[in-house]
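User: I'm new to this one and would like a short tour. Could you take it step by step?

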Amino acid sequence: MTIHVRAPATTANIGPGFDCAAAALDLWNELEVEDGEEEPDVSHLGVRAFARLASPEGKRFRFTDRIPRARGLGSSAAVIALGLVAGARMAGIDPDPERLLAEGIELEGHPDNLAAALAGGVTLTWEDRIVQVSDRLPAVPIGIVPESTVSTAAARNSLPESVPHADAAFSVGRAALLGAAVAQGSAELFGAALHDRIHEPYRAAKAPLLEAVREGLPDGALGATLSGSGPTVIVWAREEAADSCEAALAAAHTDATVIRFTVSTQGACAA
């Protein structure tokens, strides 16, 4: 039996949506599982995810990685999603995104990236629940992906145990505005919602690109956010200005890779 699945990249947090808001992006990792004599690497994150639902013994795992690692684009969440969906299919289990999220959250540690990788579209999570709030965003995501990497664990360790009440209130208000912007499909509200005081200021030292990008946003850009833990920065462009924004960012950031994404309506699924 051969199983072939794929899972998308993600951008999580989306400004004030810390640990709860994310979107699937149309860049895919793949996994092929087939019968084989090799001993599987049971320490591999994707194999560990698979093993939560089906035995990996006697199986050969072939991963194809296209999502840049340790760049804030959900590469580990995609690998976990691949293993979960493949394991569910091998076991004859319905690959329901919420069920798989509950299985995989111990491996991922926080739900936002994994939820979007499993369900696709724009998702919100709480505990082990997922709601797909939309299959699109009112802006075009353009990623600026530097060569440097950031450890998610190190980035989270830079966060304080508490924040000032005013900063918490600011970010809660912007998070609510983010939800309204997505629900209404409003570019103006979306641009107004992209500021955060809960996590981005504390991660700035490990992701200096964010401030540099914000200081030189091209015409037609609504704003910029740190993607996941960084260091990748997402510039959110008005749809009619996406071409010019992409060109301007590529010219300004020649030491990084600029990728124009689309939001994927699909999550992890058969390839």
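This is a predicted model: local features need pLDDT of at least 70, side-chain atom pairs count only at pLDDT 80 or more; totals for chains, interfaces and linings use all residues.

**A first look at the chain and a surface patch**

User: Which residues make the nonpolar surface patch with it?

Analyst: Val133 makes the patch together with Leu124, Trp126 and Val131, and the patch covers about 310 Å². The elements that give two or more residues to this nonpolar patch are strand 4, which runs over 122-126, and strand 5, which runs over 129-134.

User: OK, zooming out: how many helices and strands does the protein chain have?

Analyst: The protein chain has 10 helices and 10 strands. Its radius of gyration is 18 Å, close to the 18 Å that the globule rule gives for 271 residues, so the chain is as compact as a globular protein of that length.

User: What does the C-alpha trace span along its principal axes?

Analyst: The C-alpha trace of the protein chain spans about 55 × 40 × 35 Å along those axes.

User: And what share of the residues is buried?

Analyst: Buried residues make up 53% of the 271 residues, while the protein chain exposes about 11500 Å², of which carbon and sulfur atoms supply 48%.

User: Last one, on contacts: what share comes from residues 24 or more positions apart?

Analyst: Among contacts in the protein chain with a separation of 6 or more, residues 24 or more positions apart account for 72%.

Conventions
Residues are numbered from 1 along each chain as its sequence is written. Side-chain values use heavy atoms; hydrogens and water are left out. Patches are made of residues with over 30% relative accessible area and no salt bridge: like charges are joined within 9 Å, nonpolar side chains (Val, Leu, Ile, Met, Phe, Trp, Tyr) within 5 Å. Accessible areas come from the Shrake-Rupley method with a 1.4 Å probe; for residues, only the protein chains shown count as cover. A salt bridge is a side-chain nitrogen of Lys or Arg within 4 Å of a carboxyl oxygen of Asp or Glu. Helices (H or I, at least four residues) and strands (E, at least two) are DSSP runs, numbered from the N terminus. The radius of gyration is taken over C-alpha atoms; the globule rule is 2.2 Å times the number of residues to the power 0.38. Buried means under 20% relative accessible area, exposed over 50%, partly exposed in between (1.4 Å probe, protein chains only). Contact means heavy atoms within 4.5 Å.
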